[in-house]
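These entries record what I looked up in one structure, from single contacts to the whole chain.

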Amino acid sequence: MITTKIVIITIIISIIAFFNRNLMDTFLFYPYRIHHNNEWFRFITAGFIHGGVLHLLINMWVLYIFGIAIENSLSMIFVNDKLHFVILYFGGMIFSSLIPYFKNKNNPQYMALGASGAISAIVFAFILLYPTEKLIIFPIPIGIPAWVFGIFYLIFSYYQSKRSKDNIAHDVHFYGSLFGILYLTLVKPAIFLHFINSIF
């Protein structure tokens, strides 16, 4: 499974980067250096490093759970074609960082890391495909429909991106989620129609 390979590679690189500051600095999403030094690889490499063990574990757990489901689903929809899953993941990683890049390309203080944008794309692909599936989100003890969670997640991420100073890239979460919706809608409009029919 591609999901499993991404998880394993990300864990290995992240752990190495915890103890290797040079690797961490090289892989960081750093718009200033991307713009001024043409270090475009950072759009991808930043998704393979994390800010700590908890950050890594949460991201990889969510990726594994939703990634396996989406990889299997897309393989059935597109007849064993894994390319759409790869585009969804890495496209989400790149797309989610475009706004932060343009906003901070001349700001030498801004840096970010993590796979949250890519994972948000995967999660929202799941929501689009399975809108009525119940999700249990800590600390809520009961399952809520995936589409309801999706709406609140988008509102929360957008709101926090405008006001929050908690050092979390909420804008990356927001744009990664949008990519997941837009990509599947563009390549298979019937998926979006299924989503609409399922919730109304």
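Entry 1. I take contact to mean heavy atoms within 4.5 Å. The model is predicted, and I read every value below as computed from it. With that cut-off I asked which residues Thr 45 touches, leaving out residues up to four places away in sequence. The search returned Thr 26 and Phe 27. I then placed Thr 45 itself: it belongs to helix α4, which covers residues 42–45. Its relative accessibility is 13%, and I count a residue as buried when the value is under 20%, so Thr 45 is buried.

**Entry 2. Overall fold.** I listed the secondary structure and found 10 helices and two strands. Along the sequence the order is α-α-α-α-α-α-α-β-β-α-α-α. I next checked the radius of gyration, which is 17 Å; the globule rule gives 16 Å for 200 residues, so the chain is as compact as a globular protein of that length. The C-alpha atoms fill a box of roughly 50 × 40 × 35 Å along the principal axes.

**Entry 3. Burial, surface and contacts.** I noted that buried residues account for 46% of the 200 residues. The accessible surface amounts to about 10800 Å², and carbon and sulfur atoms contribute 69% of that area. For contacts between residues at least 6 apart in sequence, I recorded that 70% join residues at least 24 apart.

**Entry 4. Charges.** I counted 12 positive and 7 negative charges in the chain, and their mean positions lie 5 Å apart. Side chains of opposite charge can pair when their charged atoms come close. How many salt bridges does a search of the whole structure find? It finds four.

**Entry 5. A salt-bridge network.** I followed Arg 33, Glu 39 and Arg 42, which a network of salt bridges links. The side chains of Arg 33 and Glu 39 meet at 2.8 Å, N to O. Those of Glu 39 and Arg 42 meet at 2.6 Å, N to O. I then looked up the exposure of each member. Arg 33 is partly exposed at 32% relative accessible area. Glu 39 is buried at 11% relative accessibility, and Arg 42 is buried at 4% relative accessible area.

**Entry 6. A further pair.** I also examined the salt bridge of Lys 82 with Glu 71, whose closest N and O atoms are 3.0 Å apart. Lys 82 sits in the loop between α5 (53–77) and α6 (83–104), while Glu 71 is in helix α5, so the pair ties together parts that are 11 residues apart in sequence. Are the two partners buried or exposed? Lys 82 counts as partly exposed at 29% relative accessibility, whereas Glu 71 counts as buried at 0%.

**Entry 7. A backbone angle.** Most residues other than glycine have a negative phi. I noted that Asn 38 has a phi near 55°, a positive value in a residue other than glycine. I located Asn 38 in the loop between α3 (31–37) and α4. Its relative accessible area is 52%, and the limit for exposed is over 50%, so Asn 38 is exposed.

Methods:
Residues are numbered from 1 along each chain as its sequence is written. This is a predicted model: local features need pLDDT of at least 70, side-chain atom pairs count only at pLDDT 80 or more; totals for chains, interfaces and linings use all residues. Side-chain values use heavy atoms; hydrogens and water are left out. Helices (H or I, at least four residues) and strands (E, at least two) are DSSP runs, numbered from the N terminus. The radius of gyration is taken over C-alpha atoms; the globule rule is 2.2 Å times the number of residues to the power 0.38. Buried means under 20% relative accessible area, exposed over 50%, partly exposed in between (1.4 Å probe, protein chains only). Accessible areas come from the Shrake-Rupley method with a 1.4 Å probe; for residues, only the protein chains shown count as cover. Lys and Arg count as positive and Asp and Glu as negative; His and the chain ends are not counted. The place of a charge is taken as NZ of Lys, CZ of Arg, CG of Asp or CD of Glu.
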